Amino acid sequence: MSENGSINKQIAKGAAWMVAFKMVDKCIGLVSTIVLARMLQPEDFGLVAMSMVLLSALNLLISFGFEVQLIQNRNAGRDQFDTAWTFTVIFSCACGLALALLAAPASQFYREPRLEAIIFALAFGFALEGFSNIGTVAFRREMQFDREFKFLLGKRMSSLLVTIPLALWLQNYWALVIGQLSSTVLSVALSYYMSTYRPRFSLKSKLELFHTSKWLVINNLFGFLQNRSAPFLLARLSGASSVGVFSIGMEISTLPSNELVAPINRAAFPGYAKAAHDMDKLRDTFLKVIASIALVAIPAGVGVAVVADLFVPAVLGWKWLDAIPLIQLLAVFGVIKALQTNIPYVYLALGMAKRSTIIGSIQVVIYLAALYPAISGWGAMGAAWASLGTAIVMIPVNQAMVAQCLGLGYTQFCRALVRPLIASGAIAAAVFAVKSQLTLRQHSLDYVLALLLCAAVGALVYVIVLYVVWRLWKRPDGAERHAFGQLEKLLRKAGIRVNLVGS
């Protein structure tokens, strides 16, 4: 097997593990969100979201991207790992203290006295998280994604097992706060259980690590402005309830597309780092990854958009109806974002983090210019439109820069999207046809059954149409061949003999 084929196989295997984790993770997260949304009020989510703005801002001070450097640098050893851990501990403790000192001023700024105690609790968790074992980075670096799967799943389960019982008991925002704090304690302990590496305090490689980190810190700053500006302005201009609706709308709408894509990106980066010395290998790997992303992100986003009017009353409840148009709009944003998120990993693998900084600066300027007037005029919907508009404007910028970097033709990227787009259009048509025949009472059970029916129809139509289109395309190698090959194996294990990918 060629080196490039080996890298692609490792990425595919890693992506399978990470997608499996994300499917489990998001099923757990979705159940958690549904249960919590049923028991708590939008205001409760809004209070925690308001405090997270400040926490995320301080998190920028420790977001040096040391993990990225340890993965990219194949020669990194104990000196580099220990220095990265030492810096993380020092900065986490310092920022935790700063967060505690800012609790009272933040409470006064938001005119919300309940925030002070929340921020104090989160400050302790912030400092504690810095002590996590840096040795777990080796799971990704060595592409040991089965161990990564177990580690990440353990962290997620620790959060679930604490937060939901607390919500049942407390029935207020403290369930979210204490749940997050408890999850941090358990995840730090798990990091030392899962990895035999024992970090030591050291600053031997401080200059080496900081050389690249400046660009990653700036990139993180732009990411913070992109992700937290809307909740910040909504909290100031519209109140906690508006922040809660927007936060839940963003989480639900982008959950299927972006969260299924994140594990693919997580698996792809170590592969990019291995292939970075050969541009042909890197370009081929990138196109295969983009095709895999399109295969899951486009139908997921379209599916969320067309069933949002069923999902909200069936799952979240009638008090969240204002989130329906937000979810529909942000689902489109989620698809566009998902198709662009893999590009920065190419730049990181090539040691071109500055290029991501340039793109990020352009995006943030456009977004912030649109955000304040949009929120002032239309509240949470204005924030959603600002997010979608910025994503659309950035499409040609992102495509032009990655094409120039990898020597890609414009049609090479687009060809990876055509078949999933056609099949996803069939999802929308089929679901709209089903919904047009339904008569629903204002009863949650009716909406639950309608949601399940539409989801089943949409998934079946997508698989059938995608397969037909792929066959008409003369069954090219790529993401579809791999996906249908896996489906063929599953069917044969079940005793169904089919030939999906053969001649």
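Glu 480 touches Leu 295, Arg 419, Pro 420, Leu 466 and Trp 470, leaving aside residues up to four places away in sequence. This residue belongs to a predicted model. Glu 480 sits in helix α18, which spans residues 479-493. The protein chain has 18 helices and zero strands. Of its 503 residues, 52% count as buried.

**Glu 480 and its partner**

- Is Glu 480 buried or exposed? Its relative accessibility is 4%, under the 20% cut-off, so Glu 480 counts as buried.
- The side chain of Glu 480 makes a polar contact with the side chain of Arg 419. The distance is 2.6 Å.
- Arg 419 is also among the residues that Glu 480 touches.

**Overall fold**

- Contacts in the protein chain with a separation of 6 or more are 83% between residues 24 or more positions apart.
- Val 289 lies in helix α12, residues 279-316. With 4% relative accessibility, Val 289 counts as buried.

**The nonpolar cores**

- The largest nonpolar core holds 124 residues.
- Which residues touch the most other members of this core? They are Ile 134, Phe 246, Tyr 272, Phe 286, Ile 293 and Leu 371.
- Helix α12 gives this core its largest share, 22 residues.
- Phe 286 touches Tyr 272, Asn 342, Ile 343, Val 346, Val 402, Leu 406, Leu 408 and Phe 413. That list leaves out residues up to four places away in sequence.
- A second, separate core has five residues. Among them are Phe 151, Leu 152, Leu 190 and Met 194.

**Helix α12 against helix α15**

- Helix α15 covers residues 353-406. It packs with α12 at an angle of about 145°. The two axes are 10 Å apart.
- From α12, the meeting residues are Met 279, Leu 282, Arg 283 and Phe 286. From α15, they are Val 402, Cys 405 and Leu 406.
- By class, this contact has six nonpolar, no polar and one charged residues.

**Helix α4 against helix α6**

- Helix α4 spans residues 78-101, and helix α6 spans residues 115-129. They pack at an angle of about 175°, with axes 8 Å apart.
- How do the two helices run, parallel or antiparallel? Angles over 145 degrees count as roughly antiparallel, so α4 is roughly antiparallel to α6.
- On the α4 side, the contact is made by Ser 92, Cys 93, Cys 95, Gly 96, Leu 99 and Ala 100. On the α6 side, it is made by Ile 119, Phe 120, Leu 122, Ala 123, Phe 126 and Ala 127.
- By class, the contact has 10 nonpolar, two polar and no charged residues.

**A buried loop residue: Asn 133**

- Asn 133 lies in the loop between α6 and α7, the latter being residues 137-141.
- Its relative accessibility is 2%, so Asn 133 counts as buried.
- A polar atom of the Asn 133 side chain lies 2.8 Å from the backbone oxygen of Tyr 197.
- Asn 133 touches Ser 191, Tyr 192, Ser 195, Tyr 197, Arg 198 and Pro 199, not counting residues up to four places away in sequence.

**The loop between α17 and α18**

- Lys 474 is in the loop between α17 (444-472) and α18. Arg 475 is in the loop between α17 and α18.
- Lys 474 is not a glycine, and its phi is positive, near 70°. Arg 475 is also not a glycine, with a positive phi of about 50°.
- Where do they stand in exposure? Lys 474 is exposed, with a relative accessible area of 74%. Arg 475 is partly exposed, at 22%.

**The segment after α18**

- Val 501 is located in the segment after α18.
- Val 501 touches Trp 470, Arg 475, Arg 481, Phe 484, Gly 485 and Glu 488, with residues up to four places away in sequence not counted.
- Val 501 and Leu 487 are 14 residues apart along the chain. Their C-alpha atoms are separated by 9.8 Å.
- Trp 470 is touched by Val 501 and by Glu 480.

How values were computed:
Residues numbered from 1 in each chain as written. Predicted model: local features only at pLDDT ≥ 70, side-chain atom pairs only at ≥ 80, totals over all residues. Heavy atoms only, no water. Axes fitted to C-alpha atoms, helices over the stretch in contact; angles between N-to-C directions. Helix = DSSP H or I, 4+ residues; strand = E, 2+ residues; numbered from the N terminus. Parallel < 35°, antiparallel > 145°, perpendicular 65-115°, else oblique. Contact = heavy atoms within 4.5 Å. Nonpolar A, V, L, I, M, F, W, Y, C, P; charged D, E, K, R; others polar. Buried < 20%, exposed > 50% of the residue type's maximum accessible area, 1.4 Å probe, protein only. Polar contact = N/O pair within 3.5 Å; in protein donor to acceptor, adjacent residues only side chain to side chain. Core = buried A, V, L, I, M, F, W, Y, C linked by side-chain atoms within 4.5 Å.
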